[in-house]
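Load the model in your viewer and keep the sequence panel open. The stops below are given in the order in which to select them.

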Amino acid sequence: MDNLAKRRHRSYSINPFVQSIFTADPSAHVWNDGRLYVYPSRDIDPAQGCDFMDKYHAFSTTDMVNWRDEGELFDSSKSPWGRPSGGFMWAPDCAYRNGHYYFFYPHPSEEAWNDSWKIGVASSTSPTQGFADLGYIEGVGGFAMIDPAVFVDDDNTPYFYYGGGGHCMAAVLNDDMHSLKTPLVPMEGLGDFHEASWTFKRNGIYYLTYSDNHSGNNHLCYAMSDNPLGPWQAMGPYLAPTNCETSHGSVVEYKGQWYAFYHSDDLSQEGVLRSICVDPVEFNEDGTMRLVVQSRNGRLPLADAAPTPLGQLQAYGLNEAELTGVAARPFAGNYQDLATEPIDRAEQVVTFDAVDGFATGRVNLGFHYATPAKLAKLQLFVNGKFETLLNLPFSGALDNFDGFSNYTVTIRPGKVNQISIKGYEGTFALEALSVEDYGE
Ligand code: FUB
């Protein structure tokens, strides 16, 4: 079990920092529990534009290196007023105010999606679980109006921003966080605004960041003001285009360092199969932002980062027989001794029976694998239902088991679950499935 646990912790960071599934539009916040949370949208694989985006996973960290998949936070079926055939769950944000977390998501209410955008709000007392829909914000929405961002100022005033198609609007929210206290006003002075509004404050200066209309791929730009509702002074790009057509990001301070979150197509090399990235952002003496250096290499963890303690861990090993579909058994021996076999895109199914959901059923499924493919993929089935395609990025070789891809699900409490996998793309060998108890 020691080796298994060891491989779950990275000592260097990677970019994109979430590679198990495809994610985009990262909104990052630091909450009172000391963790940094990222609320991205989710790109559905195989890529089908942005039409079928319909659910959100959140991620969190304490060291900017090891990220915890917090599991599914919300999906289109939980939005009673939403578009009948779902989809189009685009760039979200989350805010904390007076003991509650509020999740803001853009979603159409009609089949004619681009004419019927609304901004839905769901709330919970947890940052990642139990969100219930409160409805949409009355008087907000319409053609191309997407990408909500909520900034709660030091005096606890909640400012709401959103926009698209060249228009950025903002207002103050009421205490209920899902109705407007003041009328929406246009944000003046932004320059070439496209979408992806985000606001933060540093040393008393307000910053509004957004993507521009740069032909080809968009920049992320910023504007500064001494007032959260502007007027703004456009300052130009702080992030050059990535290899992705859209650009969307957030800026946040964590443990004394400012970070720029954004997305790229680096992992998939395909449009609309995006992955969230993070790099440090530096400021000049006068508060202006320096251009972010986009990294693809590892960086050292924060100096004060202590490894996150693991929850209860159960391991399920593989052997040759099990690859033909015989149920795997809980594994308690020498993890290194497990026999492995490559899995091709074949009809071969590996099933793990009696998988432990522990007390609450909220578990992180970890796949320990090796692959020579740039990006192999498996199909994950949970209790007989297809759950997701899961990425298995290059590990070095078919006998290099440094690969670890994980995904948080809610299953049944106790040892009553069946987890099955099937190859989907590339050749890979699976060494073990680990199941970590994430509790409430
Ligand atoms: O992810 C869907 C849409 O693409 C977002 O709402 C936009 O900001 C763009 O990133």
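**First stop: a strand residue**

Select phenylalanine 428, which sits in strand E28 (residues 428-437); helices (H or I, at least four residues) and strands (E, at least two) are DSSP runs, numbered from the N terminus. This is a predicted model, in which local features need pLDDT of at least 70 and side-chain atom pairs count only at pLDDT 80 or more, while totals for chains, interfaces and linings use all residues. Residues are numbered from 1 along each chain as its sequence is written, and side-chain values use heavy atoms, with hydrogens and water left out.

Phenylalanine 428 is buried, at a relative accessible area of 0%. Buried means under 20% relative accessible area, exposed over 50%, and partly exposed in between (1.4 Å probe, protein chains only).

**Second stop: the ligand**

Select the ligand and the 13 residues around it, of which Asp25, Asp147, Glu195, His248 and Arg274 come nearest; a residue counts as near if one of its heavy atoms lies within 4 Å. Show distances from the ligand's oxygen atoms to side-chain N or O atoms: 2.5 Å for aspartate 25, 2.7 Å for histidine 248 and 2.7 Å for arginine 274. On its own the ligand has 280 Å² of accessible area, and the protein covers 98% of that (Shrake-Rupley method, 1.4 Å probe).

The structure holds 10 salt bridges, each a side-chain nitrogen of Lys or Arg within 4 Å of a carboxyl oxygen of Asp or Glu. Start with aspartate 45 and lysine 377, whose closest N and O atoms are 2.8 Å apart. Aspartate 45 is in the loop between strand E2 (36-43) and strand E3 (55-61), and lysine 377 is in strand E24 (residues 375-382), 332 residues apart. Both aspartate 45 and lysine 377 are buried.

Move to lysine 201, which is partly exposed at 23%. Lysine 201 pairs with aspartate 153 at 2.9 Å, N to O, and with aspartate 154 at 3.0 Å. Which of these aspartates is buried, and which exposed? Aspartate 153 is buried at 7%, whereas aspartate 154 is exposed at 68%.

**Last stop: two cysteines**

Select cysteine 50 and cysteine 244. The structure has 0 disulfides, a disulfide being a pair of cysteine sulfur atoms within 2.5 Å. The sulfur nearest to that of cysteine 50 belongs to cysteine 244, 8.7 Å away. Cysteine 50 is buried at 18%, and cysteine 244 is buried at 2%.

Notes: Polar contact = N/O pair within 3.5 Å; in protein donor to acceptor, adjacent residues only side chain to side chain.
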